Amino acid sequence: MLLNIALLVIGLVLILAGANYMTDGSVGIAKRFGMSDFLIGLTIVAMMTSAPELVVSVTSAINASPEMAIGNIVGSNIFNICVIIGITALIKPIAVTSGVLVNEIPLVILSSVVLLIMGLAPVLDGGPMSVTRVDGLLLLVFFVIFMRYTFASAKSAPQPETASAEPAKAPIPLWRALLLTVGGLAALILGGQWFVNGASGIARAIGWSEGLIGLTILAAGTSLPELATSIVAATKGFPGICLGNVIGSNIFNIFFVLGCTATVTPLSFGTISLFDLIVLAAVSVLFWIFGWFYGRRTITRPEGALFIILYIAYITWLYLNLPA
């Protein structure tokens, strides 16, 4: 137990340090190539911070723990919206452009609905709840379309205004930005792995099921890079990275991480229920509603607090209802 606690603490330290370095490096790369903060968060940062989900999900599937793999992805996406957006909005309200509300957030909803439809197999055709290799390949096709659309939109979008009353800071050298990004990513992955190992060891010691571990401990642990990166970016004045990070990570988790994992081996949902998939779809829609209808396209502090309350309620429900 002491070893697991040590892994938990050291992993958290590495995650926080890695998030700080990777944010600086990613912003440096963005400025060098003329990319917006939102685009760098939607693509590069989202992919990097989703690396722990990819590693943990594929490893879980190969080790014959499919429900832990699916639970990790579903739980991570719920955590991303409710906790990361919630905490970030509490720190500083998140402005959302109409373009993001029309184009990117609907893709988050689409990814959650696609996964929900896969989970409806017992209702629709009487088969088991599973993600087959064909489903995995279909998810990867969705991911390719998403990436093609993202970069096509980036090329056609007007460059953001850079005029400011303050003198512009000289961009950091490209080699240093790359070093910070890669070094930060390495710390994130290693820290995330140690955190997950420690947390999983503690959870198993107290008798939790693999499904509950996947939806809670693994989900929170592998989402810590997104959380740390978003908080650091928000405090440094790059809210676009926060929003793009969550949107990109959620799309990346389902279309790419789950797609790759299911292509390696078919996944059974196990104890992951339709309720979990409905919760994911519901908070994805709520994410869009909060951005569009309230606070003048801004996710406000009260809305962020509501997201956190909803997550606490969901975790409480899991603890009371999932088999041990």
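## Report on a predicted helical protein model

Alanine 95 lies in strand β1; helices (H or I, at least four residues) and strands (E, at least two) are DSSP runs, numbered from the N terminus. The model is predicted, so that local features need pLDDT of at least 70 and side-chain atom pairs count only at pLDDT 80 or more, while totals for chains, interfaces and linings use all residues. Residues are numbered from 1 along each chain as its sequence is written, and side-chain values use heavy atoms, with hydrogens and water left out.

Alanine 95 is exposed, with a relative accessible area of 57%; buried means under 20% relative accessible area, exposed over 50%, and partly exposed in between (1.4 Å probe, protein chains only). Apart from residues up to four places away in sequence, alanine 95 touches Leu243, Arg297 and Thr298, where contact means heavy atoms within 4.5 Å.

### Overall architecture

The protein contains 12 helices and 4 strands. Of its 324 residues, 52% are buried. Its accessible surface comes to about 14000 Å², and carbon and sulfur atoms account for 72% of that area; the areas come from the Shrake-Rupley method with a 1.4 Å probe, and for residues only the protein chains shown count as cover. Among contacts between residues at least 6 apart in sequence, 86% join residues at least 24 apart. The table gives examples of residue pairs that are separated along the chain, with their C-alpha distances.

| Residue pair | Separation in sequence | C-alpha to C-alpha distance |
|---|---|---|
| Lysine 92 and threonine 300 | 208 residues | 8.0 Å |
| Alanine 95 and threonine 298 | 203 residues | 4.3 Å |
| Leucine 14 and glycine 191 | 177 residues | 4.8 Å |

Lysine 92 is placed in the loop between α4 (66-91) and β1 (94-95), and is partly exposed at a relative accessible area of 44%. Leucine 14 belongs to helix α1 (residues 2-32) and is also partly exposed, with a value of 23%. Beyond its neighbours within four places in sequence, leucine 14 is in contact with Ala187, Leu188, Leu190, Gly191 and Trp194.

### The pairing of α5 with α11

Helix α5 (residues 98-119) packs against helix α11 (residues 274-293) at an angle of about 170 degrees, with the axes 9 Å apart. Axes are lines fitted to C-alpha atoms, for helices over the stretch in contact, and angles run from 0 to 180 degrees between N-to-C directions. The two helices are therefore roughly antiparallel, a term for angles over 145 degrees. The residues of this contact divide into 17 nonpolar, 5 polar and no charged. Here Ala, Val, Leu, Ile, Met, Phe, Trp, Tyr, Cys and Pro count as nonpolar, Asp, Glu, Lys and Arg as charged, and the others, Gly among them, as polar.

Serine 112 is found in α5 and is buried, with a relative accessible area of 2%. Its side chain reaches the backbone oxygen of isoleucine 109 at 2.8 Å. Leaving aside neighbours within four places in sequence, serine 112 is in contact with Ile254, Leu280, Ala281 and Ser284.

Asparagine 80 lies in helix α4 and counts as buried, at 0% relative accessibility. Not counting residues up to four places away in sequence, asparagine 80 touches Ile85, Ser223, Glu226, Val246, Ser249, Asn250 and Asn253.

How values were computed:
Angles under 35 degrees count as roughly parallel, over 145 as roughly antiparallel, 65 to 115 as roughly perpendicular and the rest as oblique. A polar contact is a pair of N or O atoms within 3.5 Å; within protein, one must be able to donate a hydrogen and the other to accept it, and residues adjacent in sequence count only if both atoms are side-chain atoms.
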